[in-house]
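Reader: I've got a new structure open and I'd like to find my way around it. Please take me through it one question at a time.

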Amino acid sequence: MSDLPRATDGPQPLKGLRVLEFSHTIMGPCAGLLLADLGADVVKVEPAPEGDHTRRLPGFAAGFFATFNRNKRSLALDLKHPEGRAAAHRLAARADIVLENYGPGTMRRLGCDWEQLRVVNPRLVYLALKGFLAGPYEHRPALDEVVQFQSGLAYMTGPPGQPLRAGASVIDILGAVFGVTATLAALRERDATGQGQRVCSSLFESAVFLMGSHMAGLAATGEAPPPMPARRGAWGIYDVFRTADGELFIGVTSDRQWVRFTAAFGLAEMAADPRLATNARRTQERPWLLPALQATIGTRPRAEVERLCEESGISWAPVGQPADLFEDPHLLAGEGLLETAISALGGGERVGLPALPLEFGEARRRVTLRRQPPRLGEHGAEVLAEAGFGAAEIAALAASGVTAAAPPAA
């Protein structure tokens, strides 16, 4: 796959950093994606000969590889072979960052954990992305869904008695963000000390971090927080409403907004009703207030309700689905989608996938797509050559199966 042509490259604040990524699925690849999108040279070291198993996942996971592996180069390397481990050590000797998200003890068995790689590169920052930080659970394997249940996130998401995982891999992604934060902090510390270090982020502790406000609320009130669908609302109007031809979420979160809302929708009686004069009072009147508003809103076309909310400065949103995002005018206008090849489609088709949600500078520049998600081992020879391997060595590694590469795209 060729690189997507761009008129200009976006900001690359991490340009010059060399990263080796040993990862699969979401958490590790997402951390590598963050670094790569920000300009680091990320080499995805995949197991030879099959590569990252995420390339072959079916169903809802079929888009994982395309989503989290743009702007990277691929080297397929058999770390179970002594020559593969030796090659990885040579690459690590010139790297700034190694990141991995394999199961506990895997990288040690492969000869590439922190203690083994720090010998060849004391300046290395080693990011381990795990299920748990140090403690009784640290040797357990974990998954995003596992820690959503363990932390209470699933309990808080579903209706009472029906715990439910969130509708995206939020903990994998949050753990990756925390891991990159720790990595950049360790690089800053290396500037002062000259020494690298191992840093770690985890799924469980990331999920627990999301529960902090619920824990604090329990401590402050003595009341256990109910699941979100059964929570006692902080605002009187903060719900999904049916219109004549669709659904909208509407949030009226201040008394000034209430004045504008009632004026926009012609609700003079409600505006004058002393029971609804403040948000605190409106929350007490929700049992009759919300059905009354539904009766009014339900007769109007959705476009009209959207216009009235927009014109009066009321928070609102359509009840969207993932498919809607491909054509979202805001994303399309602001370079919020990057035209990315989806290998799972088989023909090299490209679709718009989300860019990093960041802007840089007064020009509000966005990071861009410089490389399509790589084919297996696509950049192996050039990566090895940059590390000082001669042509004969590179050929020998390929001939012995220590390295591998997918055939060129048709």
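This is a predicted model: local features need pLDDT of at least 70, side-chain atom pairs count only at pLDDT 80 or more; totals for chains, interfaces and linings use all residues.

Reader: Is K130 buried or exposed?
Author: K130 has a relative accessible area of 13%. The scale calls a residue buried under 20% relative accessible area, exposed over 50% and partly exposed in between, using a 1.4 Å probe and protein chains only.

Reader: Which residue forms a salt bridge with K130?
Author: A salt bridge here is a side-chain nitrogen of Lys or Arg within 4 Å of a carboxyl oxygen of Asp or Glu. K130 sits 2.9 Å from its partner, going by the closest N and O atoms. Strands are DSSP runs of E with at least two residues, helices are runs of H or I with at least four, and both are numbered from the N terminus. The pair links β5 (residues 125-130) to β4 (residues 97-100), 30 residues apart, and the partner, buried at 3%, is E100.

Reader: How far apart in sequence are E21 and K44?
Author: These two form a salt bridge, with the closest N and O atoms 3.1 Å apart. E21 is in β1 and K44 is in β2 (residues 41-47), so the bridge ties together parts separated by 23 residues.

Reader: Are E21 and K44 buried or exposed?
Author: E21 has a relative accessible area of 0%. K44 also comes out at 0%. So E21 and K44 both count as buried.

Reader: What about E115 and R118: what is their N to O distance?
Author: E115 is at 40% relative accessibility, so it counts as partly exposed. R118, at 37%, is partly exposed too. Their side chains meet in a salt bridge, and the N to O distance is 3.3 Å.

Reader: Which residues do salt bridges join into one network?
Author: The whole structure has 22 salt bridges. Some share partners, and the residues joined that way into one network are E21, K44, D52 and K72.

Reader: Which elements do the buried residues of α3 pack against?
Author: In α3 (residues 82-92), the buried residues are G84, A87, A88, L91 and A92. They cover an arc of only 140 degrees, so they're on the same side of α3; the arc is that of the directions from the helix axis to the C-beta atoms. Contact means heavy atoms within 4.5 Å, and the packing partners are β1 (18-22), β3 (72-77), α5 (114-117) and α17 (380-386).

Reader: Which strands stand at the edges of the open sheet?
Author: Its three strands run in the order β7-β8-β9, with antiparallel pairing, where two strands pair if DSSP finds at least two bridges between them. Each edge strand has a single partner, so one side is left without a neighbour in the sheet: the edges are β7 (237-243) and β9 (315-318).

Conventions: Residues are numbered from 1 along each chain as its sequence is written. Side-chain values use heavy atoms; hydrogens and water are left out.
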